[in-house]
Amino acid sequence: MIDPVALRQFIYEQILLEGTPPSSARIAERFGASRPDALRALADLKIGKTVLVHPKTGEIWMAGPFSSVPTPYVVERGGRQWWSNCIWDLLGAAVIVGQPVQLRASCTESGEPFVADVDPGQGMSSDWVAHFLLPAREWYTDIGFT
Amino acid sequence: VNRWLSKTGFKRGQVMAMDTLWRLSTGWYHDPRSPSWEPRSLPAVLAATGLTGEFWELPR
């Protein structure tokens, strides 16, 4: 059995090192488990709504605030790059990286680029705004849309 | 935001300044590599950020 705390730590260590979460094959290799056991451990990793697996593949889809697939919300530091799921997660990724980063996104309406250099120790100010479309009670009905 | 709403037909949600969003992010996210990591209470984080009212209420 894969220890859920060790699994969570491994997932995020890999994200911070590689930019994306580990595959079930990589998890199986790391913990000396079979791939089905790794998929089961991911499915059982009940840590709120933080790590979500893809409904079809069972692989990690998002490990909040990071995305396993390319998105328009990009965090960059020293040539290393991470994707996040939305503007809230973009700032959250800067929090988790914990070092000065550049955030990149764009205005959903005009496409105007949003670029911000953020030092997590210093906070953030900007003339830009974020629009929360859905009320909180609907966020987890379809997290992809949210 | 208004132009996007006109284009898409969506109903307006809530507009947030980036410094507020930063406080929300630092309240919610903390390093999951820590062995003692536990998810925080989202209703508590929203309230601590000053996000109260019907729009910010989560299902019980």
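Predicted model: local features only at pLDDT ≥ 70, side-chain atom pairs only at ≥ 80, totals over all residues.
**Ground rules.** I number residues from 1 along each chain as its sequence is written, and letter chains from A and number ligands from 1 in the order in which they are written.

Entry 1: I looked up helix 4 of chain A (residues 87–97) against helix 2 of chain B (residues 18–28), and their axes come within 9 Å and cross at roughly 60°. That angle makes helix 4 of chain A oblique to helix 2 of chain B. For my own record, angles under 35 degrees are roughly parallel, over 145 roughly antiparallel, 65 to 115 roughly perpendicular and the rest oblique. Axes are lines fitted to C-alpha atoms, for helices over the stretch in contact, with angles from 0 to 180 degrees between N-to-C directions. Helices here are DSSP runs (H or I, at least four residues), as are strands (E, at least two), numbered from the N terminus.

Which residues meet? From helix 4 of chain A I noted A:Ile87, A:Trp88, A:Leu91, A:Gly92, A:Ala94 and A:Val95; their partners in helix 2 of chain B include B:Met18, B:Leu21, B:Trp22 and B:Trp28. Contact means heavy atoms within 4.5 Å. By class, this contact has 10 nonpolar, three polar and no charged residues. (Nonpolar covers Ala, Val, Leu, Ile, Met, Phe, Trp, Tyr, Cys and Pro; charged covers Asp, Glu, Lys and Arg; the others, Gly among them, are polar.)

**Entry 2: helices within chain A.** Helix 2 (residues 24–31) and helix 3 (residues 35–43) of chain A pack at about 105°, with axes 8 Å apart. I therefore filed helix 2 of chain A as roughly perpendicular to helix 3 of chain A. A:Ser24, A:Ala25, A:Ile27 and A:Ala28 in helix 2 of chain A meet A:Arg35, A:Ala38, A:Leu39 and A:Leu42 in helix 3 of chain A. The class count for this pair is six nonpolar, one polar and one charged.

**Entry 3: the core.** The largest nonpolar core has 56 residues, and A:Leu103 and A:Phe132 have the most contacts inside it. Its largest share, eight residues, comes from helix 4 of chain A. Such a core is a set of buried Ala, Val, Leu, Ile, Met, Phe, Trp, Tyr and Cys residues joined through side-chain atoms within 4.5 Å. I also checked how covered helix 4 of chain A is: 10 of its 11 residues are buried. (Buried is under 20% relative accessible area, exposed over 50%, partly exposed in between, with a 1.4 Å probe and protein chains only.) Just after helix 4 of chain A, A:Gly98 takes a positive phi of about 75°.

**Entry 4: single residues.** B:Thr20 sits in helix 2 of chain B and counts as buried at 16% relative accessibility. Leaving aside neighbours within four places in sequence, B:Thr20 is in contact with B:Thr49 and B:Leu51.

A:Trp128 is in the loop between strand 7 (113–118) and strand 8 (129–132) of chain A, and at 26% relative accessibility A:Trp128 counts as partly exposed. Beyond four places in sequence, A:Trp128 touches residues including A:Cys107, A:Phe114 and, in chain B, B:Met18.

Last, I found a cis peptide bond from A:Gly64 to A:Pro65, omega near 5°. A:Pro65 lies in the loop between strand 2 (60–63) and strand 3 (66–67) of chain A.

Methods. Heavy atoms only, no water.
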